[in-house]
Amino acid sequence: MERPGSAHSESGLRGDYARAAADYTVPQRWNEYTAEQNARWRRLYGRQAELAGQFASQRFLSGLARLDCAEAIPRFADADRALGDTTGWQLVAVPGFIPDDAFFAHLAARRFPVTRWLREESELDYLAEPDVFHDVFGHVPMLFDPAIADFLEAYGHAGERAVQAGALDLLARLYWYTIEFGLVFEEGHLKAFGAGIVSSAGELVFAVTDKTVPRLPFNPLRVMRTDYRIDAFQDCYFVLESVDQLMRELLQLDLGPLYERWRSVPPVSPGTLLPGETSWHAVGQPS
């Protein structure tokens with residue numbers, strides 16, 4: 001799937017783009033997955049599900065249970081039937097990263113792009129590009145949540161407007177620090193729901209338990225002004241009161257004037273605390 005705002009060249013990415021349709025979709029070709037790949041999936045799933053049980057949001061865990069894909073790489077059509085009964089989303093297979101306009105169009109139509117290939121054995125702990133495990137294990141469980149389902153559709157429509165306004169970087173940071181690397185309070189404890197965290201063995205523990213990394217209360221403008229890391233654990237995280245806050249905050253934003261004011265202003269370095277800000281400890285209390 002695309003990370004909005006990512007510059008890329010198809011020639012530098014794995015994935016069979018030659019057989020992609022105009023909207024960058026491809027058949028999943030589930031029968032082409034090997035027994036070895038499905039065994040690798042089971043190991044990845046088993047390790048990550050155990051960690052998620054400790055550190056992930058209950059809303060993520062509820063969606064993961066509904067997805068029911070512990071034993072093998074799931075058929076996207078099976079996931080579509082479960083999603084269709086709850087939030088009306090469906091999965092579309094893609095070769096890998098896709099252009100922003102295609103990504104936003106899919107989201108606006110409640111279609112979530114999912115990379116079809118699985119990482120190699122040597123990439124179990126780190127992967128530069130999102131694969132089917134990142135996309136399915138990390139993203140799809142939250143598509144069962146009505147708040148995230150509605151937010152992503154609205155984000156798709158907002159993305160098209162951000163491109164026209166020359167402000168895609170601002171909106172991309174909102175996706176990054178929530179859908180990819182978001183934290184949330186649940187019963188007084190920090191939990192992860194962002195796909196980049198819950199699909200990573202190392203970052204899931206780090207994001208929730210590290211005593212030094214800054215964690216700031218979610219504020220959409222602050223998030224949109226904050227740069228992020230793509231090559232290491234994040235230098236800061238933003239914490240939602242609940243995932244319902246995402247859609248509520250987005251509906252209250254007047255994005256046009258915000259883009260006009262901030263699109264040419266250099267972003268805040270990740271990990272930097274602005275005057276008056278305080279970060280939260282891993283237990284969820286302000287420092």
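Reply: Gladly! Bear in mind that this is a predicted model. Let's start with glutamate 186, which is buried yet has no salt bridge.

Me: What makes you say that glutamate 186 has no salt bridge?

Reply: The nearest side chain of opposite charge is arginine 59, 6.0 Å away.

Me: Which backbone atom does the side chain of glutamate 186 reach, then?

Reply: The side chain of glutamate 186 reaches the backbone nitrogen of glutamine 58 at 2.9 Å. The cut-off for a polar contact is 3.5 Å, so this distance falls within it. Glutamate 186, whose place is in strand E3, also touches Ser57, Arg59 and Lys191, among residues more than four places away in sequence.

Me: Why is aspartate 100 called buried?

Reply: Aspartate 100, found in helix H4, has a relative accessible area of 17%.

Me: How do you know that the buried residues of H9 line one face of the helix?

Reply: The buried residues in H9 are Glu203, Leu204, Ala207 and Val208. Seen down the helix axis, they fall within an arc of 115 degrees, so they line one face of H9.

Me: And what covers those buried residues of H9?

Reply: The cover includes helices H1 and H8, along with strands E3, E4, E5 and E6. Strand E3 is also where glutamate 186 has its place.

Terms used. Residues numbered from 1 in each chain as written. Predicted model: local features only at pLDDT ≥ 70, side-chain atom pairs only at ≥ 80, totals over all residues. Heavy atoms only, no water. Buried < 20%, exposed > 50% of the residue type's maximum accessible area, 1.4 Å probe, protein only. Helix = DSSP H or I, 4+ residues; strand = E, 2+ residues; numbered from the N terminus. Arc of directions from axis to C-beta. Contact = heavy atoms within 4.5 Å. Lys, Arg positive; Asp, Glu negative; His and termini not counted. Salt bridge = Lys/Arg side-chain N within 4 Å of Asp/Glu carboxyl O. Polar contact = N/O pair within 3.5 Å; in protein donor to acceptor, adjacent residues only side chain to side chain.
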